[in-house]
Amino acid sequence: MSAPTLPCIAIAGPTASGKTAGAFAVVAALVSRHPVEIISVDSALVYRGMDIGTAKPTVAELGSVQHHLIDIREPWEPYSAAAFVQGATLLIAEIRARGALPLLVGGTMLYFKALIDGLDPMPAADPDVRQRIEARALEQGWPALHAELAQIDPVTAARLAPADSQRIQRALEVWEVSGQPLSAFHTPEKRAANADGISAGGLFSLEPDDRAWLHTRIAARFDAMLEHGFLEEVQRLRADPRNHADLPAMRCVGYRQAWQALDAQAASGGALDLAGLRERGVAATRQLAKRQITWLRGMPKRQRIACDQAGAQAALEQAVLARLEQAAP
């Protein structure tokens with residue numbers, strides 16, 4: 001198979017669904033056929049110093065296969081779906097030119113959708129508008145602003161939780177700056193270059209049949225994070241004056257709850273409410289997984305793999321191999 005005919009293969013799924021393990025299984029299955037390079041599709045893995053709370057691949061895993069779009073920003077530096085599309089599109093072309101297979105892996109569904117369907121250029125951030133929205137949120141609460149968003153952009157509001165302050169703020173900002181709903185900037189006509197391989201059957205989605213299976217894994221992962229020093233990681237991030245609670249990086253699930261717990265401890269002068277942190281962190285992660293699955297259900301061309309069934313990893317390997325055979329000239 002010549003390098004230019006290699007499609008893009010993408011593995012998506014909610015948090016804790018086994019994407020990393022599945023990706024390495026696919027790499028192993030392809031080792032005698034094609035070199036593979038992994039492109040991360042994750043809005044948190046781009047940040048340096050955020051390792052435990054993002055379940056970042058280990059040093060050994062990162063060294064075993066070429067990875068891209070991991071550790072490319074400091075937590076205080078901006079990153080966006082548009083930046084992802086630009087970087088991923090360039091990487092896909094470069095990887096193919098090297099005769100390798102681009103394997104996109106992650107759970108940031110907006111990034112997948114942006115790569116597949118494209119994004120119109122969106123308005124730049126406006127600090128004054130953001131400040132006004134923040135002030136209104138303090139008075140009215142984010143659920144009230146979510147209700148307002150539902151009136152002007154029901155498509156975007158439907159996929160956001162009422163407490164998802166970061167995305168509600170951005171959607172309202174876009175509306176105020178441009179007079180257009182955020183959903184209007186997500187148009188299929190703006191398809192990103194090199195995404196055809198994904199949209200033509202190269203998207204494999206790890207989704208559980210039983211949501212309780214995923215909830216158990218989420219709780220176990222959060223416990224493992226705490227055991228392996230997650231709080232110490234957040235304390236190191238807090239020690240850098242360039243980091244603050246309103247940064248998109250610090251609003252990531254888990255980090256937000258840990259930051260708030262440490263704030264509460266500092267204010268009270270007492271012990272950290274570890275049980276409360278765990279409860280809130282697990283609940284927030286479950287909500288994230290629910291939103292991710294909702295996004296995936298809106299991608300009809302995906303090939304679904306039941307990740308909670310026996311043989312799921314083998315099923316993923318076979319599905320990818322079949323896709324590559326189908327794409328062969």
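Is Arg-136 buried, partly exposed or exposed? Here are a few friendly notes, with that one answered in point 5.

1. This is a predicted model, in which local features need pLDDT of at least 70 and side-chain atom pairs count only at pLDDT 80 or more, while totals for chains, interfaces and linings use all residues. Residues are numbered from 1 along each chain as its sequence is written, and side-chain values use heavy atoms, with hydrogens and water left out.

2. Buried here means under 20% relative accessible area, exposed over 50%, and partly exposed in between, using a 1.4 Å probe and protein chains only.

3. Look at Phe-84 next: beyond its neighbours within four places in sequence, its contacts (heavy atoms within 4.5 Å) include Ser-40, Val-41, Leu-69 and Leu-104.

4. Thr-108 sits in the loop between strand 4 (101-106) and helix 4. Thr-108 counts as buried because its relative accessibility is 12%. Not counting residues up to four places away in sequence, Thr-108 touches Val-41, Asp-42 and Ser-43.

5. The structure holds 19 salt bridges, each a side-chain nitrogen of Lys or Arg within 4 Å of a carboxyl oxygen of Asp or Glu. In one of them, Glu-148 pairs with Arg-136, the closest N and O atoms being 2.2 Å apart. This pair links distant parts of the chain, with Glu-148 in helix 6 (residues 142-152) and Arg-136 in helix 5 (residues 127-140), twelve residues apart. To answer the opening question, Arg-136 counts as partly exposed, because its relative accessibility is 24%. Glu-148 is partly exposed too, at 29%.

6. Asp-71 and Lys-56 also meet in a salt bridge through their side chains (2.5 Å, N to O). Asp-71 is partly exposed at 29%, whereas Lys-56 counts as buried at 10%.

7. Within helix 4, Asp-117 and Lys-113 are four residues apart, so about one helical turn separates them. They form a salt bridge with the closest N and O atoms 2.9 Å apart.

Definitions and conventions. Helix = DSSP H or I, 4+ residues; strand = E, 2+ residues; numbered from the N terminus.
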